[in-house]
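Please walk through this fold with me, from its sheet to its cores. Keep the sequence and the model open side by side.

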Amino acid sequence: MPVYNAEPFLKESIESILGQTLSNFEFLIADDGSTDQSNNIIQYYAKKDSRIVHLKHEKNKGVVVTRNQVLDHAKGDYIAFNDADDSSDSKRLETQLSHLLDQDLDLVGAFATVVSENEKTLGVLSFPDNHDHMLLYLTHSYPFPNGTVFVKKHVVKNLRFENIEVEDYHFIFQLVSKSRIKLGNVPEFLYK
């Protein structure tokens, strides 16, 4: 989880990961030189939960550097994204891992609900859930919300985010174009 001045949303975001039904994970949170209370919030949770690895930049280096730092420090067999201003359903990681294994996938996304700051539903994001349709979708848009990515670590081992405007879309596009991976989506709303 890259973090930059996410104070209004950060507690809910962190708690949504710490409250997962799948509990055996390492939670990398990288503060990118926040000037609000984000770093203090991360420190508070890191003291309470040993699964949290707190990474910190003294000065803001940007989301690309921060995302790559998190990838470099990840030790597990799988990597799940979660943005600092978003939250995950408590069954997200368990559901995505199960779907990935059952369907023999390399990367799985999920559907998402778009909500306002006061939790009012503004819309929903649903996408194709089979590989071929997702590849077609990728030619013009995201095939899943970036924050829902759940991927085998070895698939992204040598891939980096690049400093361009849509770094997350470009990352996925590179991944699909440079390797033979199988994509899927859990057709459930697991992310806000």
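Predicted model: local features only at pLDDT ≥ 70, side-chain atom pairs only at ≥ 80, totals over all residues.

Residues are numbered from 1 along each chain as its sequence is written, and side-chain values use heavy atoms, with hydrogens and water left out.

Start with the sheet. It is open, has 3 strands in the order E1-E2-E3, and its pairing is parallel. Strands here are DSSP runs of E with at least two residues, helices are runs of H or I with at least four, and both are numbered from the N terminus. Two strands pair if DSSP finds at least two bridges between them. Strands E1 (2-3) and E3 (52-57) are the edges, each pairing on one side only. E1 and E2 run parallel and are joined by 2 bridges; Pro2 stands opposite Ala30 in E2. Strand E2 (residues 27-32) pairs with E3 over 6 bridges, also in the parallel sense. Across that pairing, Leu28 faces Val53 in E3, and Ile29 stands opposite His54.

How many residues of E2 are buried? The count is 6 of 6. Buried means under 20% relative accessible area, exposed means over 50%, and partly exposed lies in between (1.4 Å probe, protein chains only). In a regular strand the side chains alternate between the two faces of the sheet. Here Phe27, Ile29 and Asp31 are buried on one side of E2, and Leu28, Ala30 and Asp32 are buried on the other.

Helix H1 (residues 7-18) lies across E1, E2 and E3, at about 160° to E2. Helix H3 (residues 63-73) also packs on the sheet, touching E1, E2 and E3, and its direction makes about 150° with that of E2. These angles run from 0 to 180 degrees between N-to-C directions; the axes are lines fitted to C-alpha atoms, for helices over the stretch in contact. Contact means heavy atoms within 4.5 Å.

H1 has 12 residues and spans 17 Å from first C-alpha to last, close to the expected 16 Å. That expectation is 1.5 Å times one less than the number of residues. Its buried residues are Leu10, Ser13, Ile14, Ser16, Ile17 and Leu18. They pack against E1, E2, helix H2 (38-48) and E3.

Next, the interior. A nonpolar core is a set of buried Ala, Val, Leu, Ile, Met, Phe, Trp, Tyr and Cys residues joined through side-chain atoms within 4.5 Å. The largest has 26 residues, and Leu107, Phe171 and Ile172 have the most contacts inside it. E2, H3, helix H5 (131-138) and helix H6 (167-178) each supply at least two residues. H6 gives the largest share, 5 residues. Beyond its neighbours within four places in sequence, Ile172 contacts Leu107, Leu138, Phe144 and Val149. A second, separate core of 24 residues includes Phe27, Ile42, Leu97 and Phe150.

Finish in the loops. Asn5 is not a glycine, yet its phi is positive, about 50°. Asn5 sits between E1 and H1 and is partly exposed at 28% relative accessibility. Asp104 also has a positive phi, near 55°. Its loop lies between helix H4 (92-102) and strand E5 (107-115). With a relative accessible area of 57%, Asp104 is exposed.
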